[in-house]
There are 6 protein chains.
Amino acid sequence: MIRADGRAPDELRDIRFERGWLDHAEGSVLVSFGRTRVLCAASLTDSVPSWRKGSGLGWVTAEYEMLPRSTNTRNARESRKGKVGGRTHEISRLIGRSLRAAVDLERLGENSIVIDCDVLQADGGTRTAAITGAWVALADAVDYGRRRGIIPAAHEPLVDSIAAISVGIVGGQPVLDLPYDEDSTAETDMNVVMTGSGRFVEVQGTAEGVPFDRGELGALLDLAEKGCARLTELQKAAREEDA
Amino acid sequence: MIRADGRAPDELRDIRFERGWLDHAEGSVLVSFGRTRVLCAASLTDSVPSWRKGSGLGWVTAEYEMLPRSTNTRNARESRKGKVGGRTHEISRLIGRSLRAAVDLERLGENSIVIDCDVLQADGGTRTAAITGAWVALADAVDYGRRRGIIPAAHEPLVDSIAAISVGIVGGQPVLDLPYDEDSTAETDMNVVMTGSGRFVEVQGTAEGVPFDRGELGALLDLAEKGCARLTELQKAAREEDA
Amino acid sequence: MIRADGRAPDELRDIRFERGWLDHAEGSVLVSFGRTRVLCAASLTDSVPSWRKGSGLGWVTAEYEMLPRSTNTRNARESRKGKVGGRTHEISRLIGRSLRAAVDLERLGENSIVIDCDVLQADGGTRTAAITGAWVALADAVDYGRRRGIIPAAHEPLVDSIAAISVGIVGGQPVLDLPYDEDSTAETDMNVVMTGSGRFVEVQGTAEGVPFDRGELGALLDLAEKGCARLTELQKAAREEDA
Amino acid sequence: MIRADGRAPDELRDIRFERGWLDHAEGSVLVSFGRTRVLCAASLTDSVPSWRKGSGLGWVTAEYEMLPRSTNTRNARESRKGKVGGRTHEISRLIGRSLRAAVDLERLGENSIVIDCDVLQADGGTRTAAITGAWVALADAVDYGRRRGIIPAAHEPLVDSIAAISVGIVGGQPVLDLPYDEDSTAETDMNVVMTGSGRFVEVQGTAEGVPFDRGELGALLDLAEKGCARLTELQKAAREEDA
Amino acid sequence: MIRADGRAPDELRDIRFERGWLDHAEGSVLVSFGRTRVLCAASLTDSVPSWRKGSGLGWVTAEYEMLPRSTNTRNARESRKGKVGGRTHEISRLIGRSLRAAVDLERLGENSIVIDCDVLQADGGTRTAAITGAWVALADAVDYGRRRGIIPAAHEPLVDSIAAISVGIVGGQPVLDLPYDEDSTAETDMNVVMTGSGRFVEVQGTAEGVPFDRGELGALLDLAEKGCARLTELQKAAREEDA
Amino acid sequence: MIRADGRAPDELRDIRFERGWLDHAEGSVLVSFGRTRVLCAASLTDSVPSWRKGSGLGWVTAEYEMLPRSTNTRNARESRKGKVGGRTHEISRLIGRSLRAAVDLERLGENSIVIDCDVLQADGGTRTAAITGAWVALADAVDYGRRRGIIPAAHEPLVDSIAAISVGIVGGQPVLDLPYDEDSTAETDMNVVMTGSGRFVEVQGTAEGVPFDRGELGALLDLAEKGCARLTELQKAAREEDA
């Protein structure tokens, strides 16, 4: 089977990390998964939320939002509607939780890192692109903090890397990294977050059309493992370049 | 291994469905998973949201909320805070999506069913109890609608039943149906929604502590399949009683 | 005159107090006035709001809310509408004010008790049921606090009991404890809050249809005194049982 | 007993109605009860809210608000806080309900009148001044509408007049029309709304300190009847002047 | 050219300052620019916002709002809409900024003055009337604070006076102090804020219809200088009277 | 005088227009004024807001917002705060008003164009960059609409171009196009919006420190005229390239 964009079922879209895209942020990356483009900005501050003060532990969190015209037709701004939608909250929480799985919060000291993930253009997989890019921005911010002595330099707080990819069943066929056109017709859609060492952090599978069985679940997990392994290599390569 | 409450690792808590708990709702059930108690009320109306008008299709959605003192210490009401939290939105969306997986919306006709799931008491597993109870309330509301001729009586719109259970790894051991004390110490926590026919609707696994591997994922899915099968039997039994 | 539900004009509906309905709350009661059912949960905390700190005085307040399907047709949640309606605020304030009339806040010490009154099912008289039940939950929470030494045990902070009932003129006849069907057709509607010792805390009378005169007002107050006296006996009996 | 401001217990403060205070409103009055000053503006529109369309009935409602520096120390604006407080809602509802008791909504035709009651200066009794002034503004707006043919001229929609006064027990003595200093120390506080023909529309009595008995309640109602009768005369006189 | 209201192009409307209009505020003025009437109330408190604590500097800010029926047809209250509109924010900020230009915040000490500008009636030029009146209320509040020893008496914190006027091009003719009818048809509209010593604090010109050139801009500034000079004289005269 | 970044007083920063930066929007440009970068996306829809229906006129509006980490330190998102700040509203309104000055809304037909201006990085002059870039995105969207026959092709609705620049007095010296470091220390700050034909649309001057006189105002306008003329050339050049 050849997909509409010419990719093999187990092939990622063109993945790019443009590090240091912003001048002010302690870490930043413009990540692209094909036409999906997410600007990830990591902000480091030398304090923690009040409920965490005195714990000796740091904090990592994330906020995800889509620009109004990131999508095919314009969506109203959540700031103007006066409330943040359920989907936005859900993805923000997912990104934060995923990143924290790879951070030793004790080694971070009582510092906070907020990763803003703003979708400039959406073509499917915005949450997985956001997680994958956010980890790169986070790593750059941690490096910045350790160089400046804000974060204790003795021990690396990042105990692993984090990448995420979508998989789904489209026309009966398991495929990797779905663009919007595939995503909107998928029978089953799964987002998988994994560590660089190959373990699972999040598995979120949803039957959009027909419920799925154990065999299909296994095939999707196989694809996701393959995709995340490749993303881990690309993150590593991006981090080795000068920002 | 014996758990703190004396259950075997693959044993559900005491599950109860009190149908017809409310006088006004078209379907209602007070569902208990041990000390977790959720009041599920299904409201049937003979219209659909405006974006769906003229489609010939019905609509099923859900709203989840916790009473302020359902928990061990009191939480502020979301209505007073002026905004609904991310977790509340996320679970509401999950319940609605899960139920729709078992409904033929064309057979429902242009009617809507909203299932309100209000947690009266929380002791872990509120979302899985809510889904499992909501399906019973939904089924009662569909029966009501068909008897009254609101929903076309010719074909049953409920194509399957839906149940959900939590599984997790606690102290290295996969366990079924976690109460709060287990949930708060679990390394990995997974919520699984299945059809009565044994297929998956949602799989949401999260590494709270250490990431998990394919083997652990498999063990958790085995437990979940067992738990959902038992819940399906209990739903069936409850539905056969007079409300 | 015999009323639609067979009661005499001065007869209460079936009144029930199910104490200890919740496991977490320091005091709780599921109160029923006929089909009207309100879950009252008292939460005790050993601090007071910031504006009261250092005063040596405690604080008692209440929050009232209706579940969306407590009523005959579903109402939108106030949390989703993003604002709490005027009626909800008004009743919450009434409950808190009524309860404080029977509490010696100095004897309570710098502790707070919040009573959540959530209407599970509404059939008229939700505010009076809420006040009457809330006092029972409050009393149980005070006992709990004194047993645990949170509230000074030396002196009882509850200086009286509090009960409330609705009265109204329906078809020209003064009647006690109106269900929804009577309430919606009443010419005049009055809610009366009294102490166990027979004094008035709140008198709120409203001419829904035609304004009323001093004679009618007197007849309604007579009925209310009788109803509150009976509720006081029932509260006393409920408090003497084991929760 | 002589009160702090020299009045007898049954004496009103200096009451003034400045009709036509605004150029745009269909009816307006700046009402003063001593230092309490409320600007009442009646806006007439030839339509009704959507839920009332086609009923043949009109609608009368009110909105009450206090300017931030109407009080002794400044209060934050409700618009800036992003929500309207419970007290504001409660009083707005009370004013609207009171006025509607004297309006034949069928004779009003499908027209709406909104009365805005903005407290420019507060010294106790703002709600009673608002109701009393609002009725004058309402009457002027009805006249305006009948002269212009917006409201059918054949039958007067105002079937009675409406006035309101506060009464209370201060230092054991029942007194009429309490300024802030008396109000804040009153044991019992009651607001009474009456028709010009001497019947009751609203009776709202609250024991701020000690609960009250039937005798005290009677004494307060006597005072209120006297005060409202005098206000009715003053309204009549004001309405007979040229605006 | 004679204007609709008979004024010459460079003539102000009837300007009035009624000082001490409120009893509670430390400074207050009811300012009228023709039919435009704004109630300005200055509230002095002996503290500053938290972000300014310890700076030794005071703070002056303003809040502007229109009563719902200040305008020709009624506008919904911003408090009920749950959000403050852009125009309201913009004018509030303008007033505060303008006033601060004439205050030595160090001499004010760590005290705050908030000027509430509530438009009771609007007929064009509400923001310029508000600024001009607000300065009078501010000056009275500063006097009050110095007399009471709240503000250090040694040095006058008001280093200049502030007045504001609107100018515009109507039918090709530059005119001063536009009422609503002229404002709504102006090709160009400019608000100018000046000090008593004749320097500019704010110049805000907007081409409502056709863009304007340097010559027109000059003619408008000439008019504004003349108008502000006259307002400065009137402010001085008002301040010399007993409040 | 040489400025900190080496520019002459009347020299613009490096100005860049990257047209077609987004795939979905009908017109888009990433505009840079030095390090200030604003993403402008124009969304064309073939309808107008309800208050404009049937008028035969189109509508052009804008929304401005800053990403949380566009600035030197992170700012909370307005969507999370639940309200849009005054500055954001003010600038959104300014952009929309400026653009409309150059559009013949009748020739646009009953179509709407919304320009979203999202500040990706802020270093002073974000509103002027937004206006200047927004006009380019608007022009591209108009071309798109005319090519597709959505907007009548017969007559060009854009009757002029629009550009904007900041000018200010820094250390006594009038300078053009202020970056953040200059802006935060300027005595006077002015934003000027002009048409390509050299007329003024908006002039907004503010004395941040000391009030300014007519001479200084003239010098600033001279600089602004020069800057806007240069921006007009650059817009023209950008529009002549292939997007």
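In which helix of chain F is F:T88 found? In this predicted model, F:T88 is found in helix α2 of chain F, where helices are DSSP runs of H or I with at least four residues, strands are runs of E with at least two, and both are numbered from the N terminus.

F:T88 counts as buried because its relative accessibility is 6%, buried being under 20% relative accessible area with a 1.4 Å probe on protein chains only. Its side chain makes a polar contact with the side chain of F:E78 at 2.9 Å, a polar contact being a pair of N or O atoms within 3.5 Å, one able to donate a hydrogen and the other to accept it, with residues adjacent in sequence counting only if both atoms are side-chain atoms. Beyond its neighbours within four places in sequence, F:T88 is in contact, meaning heavy atoms within 4.5 Å, with A:R80, F:Y64 and F:E78.

Turning to the interface, 39 residues of chain F are in contact with 40 residues of chain A. The rule finds 16 salt bridges across it, each a side-chain nitrogen of Lys or Arg within 4 Å of a carboxyl oxygen of Asp or Glu. The side chains of A:D118 and F:R77 meet in a salt bridge of 2.9 Å, N to O.

As for conventions, residues are numbered from 1 along each chain as its sequence is written, and chains are lettered from A in the order in which they are written. Local features need pLDDT of at least 70 and side-chain atom pairs count only at pLDDT 80 or more, while totals for chains, interfaces and linings use all residues, and side-chain values use heavy atoms, leaving out hydrogens and water.

Conventions. Buried means under 20% relative accessible area, exposed over 50%, partly exposed in between (1.4 Å probe, protein chains only).
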